[in-house]
Amino acid sequence: MTEPTFLDGNAMAGMLAEVFTMDITVAEGQCNGCGLVGVLAQARVYVDAPGAVVRCAGCDDVLMRVVTSPDRTWLDLRGLTYLQLAT
């Protein structure tokens, strides 16, 4: 069985640009699972699902899920202790 292919967190830039006005790839977050702190660009992004699944580079726990449709976006951040956005 082959492992799913992932991209780095920079793959989320386009999708999240519709939600956030700043560059989200440099936002710092902390994983609820292992406590790793890092920028979104360091995370692993899987896009083989109906949306995107962002996983921790340290422990592979799910940090974020993003699903978009023509009229709305669902953003699940429950895998993050925090997400810090620079102003």
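**Exercise 1. Cysteines**

Task: Determine whether Cys31 is buried or exposed, and how many disulfides a search of the whole structure finds.

Solution. The model is a predicted one. Begin with accessibility: Cys31 has a relative accessible area of 3% and is buried. Cys56, at 2% relative accessibility, likewise counts as buried. Next, consider the sulfur distances, for which a disulfide requires two cysteine sulfur atoms within 2.5 Å. The search of the whole structure returns zero disulfides. In particular, Cys31 takes part in none, its nearest cysteine sulfur being that of Cys59 at 3.7 Å. For Cys56, the closest cysteine sulfur belongs to Cys34 and is 3.7 Å away, which is too far for a bond.

**Exercise 2. The five-stranded sheet**

Task: Trace the order of the five strands in the open sheet, and find how many bridges join strand 6 and strand 7.

Solution. The strands follow the order 1-4-5-6-7, and their pairing is antiparallel. The edges are formed by strand 1 and strand 7 (72-76), each of which pairs on one side only. Between strand 6 and strand 7 there are five bridges in the antiparallel sense; strand 5 and strand 6 are joined by four, also antiparallel. The connections can then be assigned. Strand 5 and strand 6 form a hairpin with six residues between them, and Asp60 in the turn has a positive phi of about 70°. The hairpin from strand 6 to strand 7 passes through two residues.

**Exercise 3. The aromatic pair**

Task: Classify the geometry of the aromatic pair of Phe6 and Tyr46, and explain which parts the pair ties together.

Solution. The count of aromatic pairs is one. The ring centres of Phe6 and Tyr46 are 5.6 Å apart and the planes make an angle of 50°, a tilted arrangement. Phe6 belongs to the segment before strand 1 (7-8) and Tyr46 to strand 4 (residues 44-46), so the pair links parts 40 residues apart in sequence. With regard to accessibility, Phe6 is partly exposed at 38%, whereas Tyr46 is buried at 15%.

**Exercise 4. The nonpolar core**

Task: Find how many residues the largest nonpolar core has, and which element gives the most to this core.

Solution. The largest nonpolar core has 16 residues; Met12, Leu16, Ile24, Leu40, Val54, Leu63 and Met64 have the most contacts inside it. Two or more residues come from each of strand 5 (52-55) and strand 6 (62-69), and strand 6 gives the most, with three residues. Leu40 can be examined individually: leaving aside neighbours within four places in sequence, Leu40 is in contact with Gly9, Met12, Leu16, Ile24, Thr25, Ala27, Val54 and Met64.

Notes: Residues numbered from 1 in each chain as written. Predicted model: local features only at pLDDT ≥ 70, side-chain atom pairs only at ≥ 80, totals over all residues. Heavy atoms only, no water. Phe/Tyr/Trp six-rings, centres within 6.5 Å; stacked < 30°, edge-to-face > 60°. Buried < 20%, exposed > 50% of the residue type's maximum accessible area, 1.4 Å probe, protein only. Core = buried A, V, L, I, M, F, W, Y, C linked by side-chain atoms within 4.5 Å. Contact = heavy atoms within 4.5 Å. Pairing = 2+ DSSP bridges.
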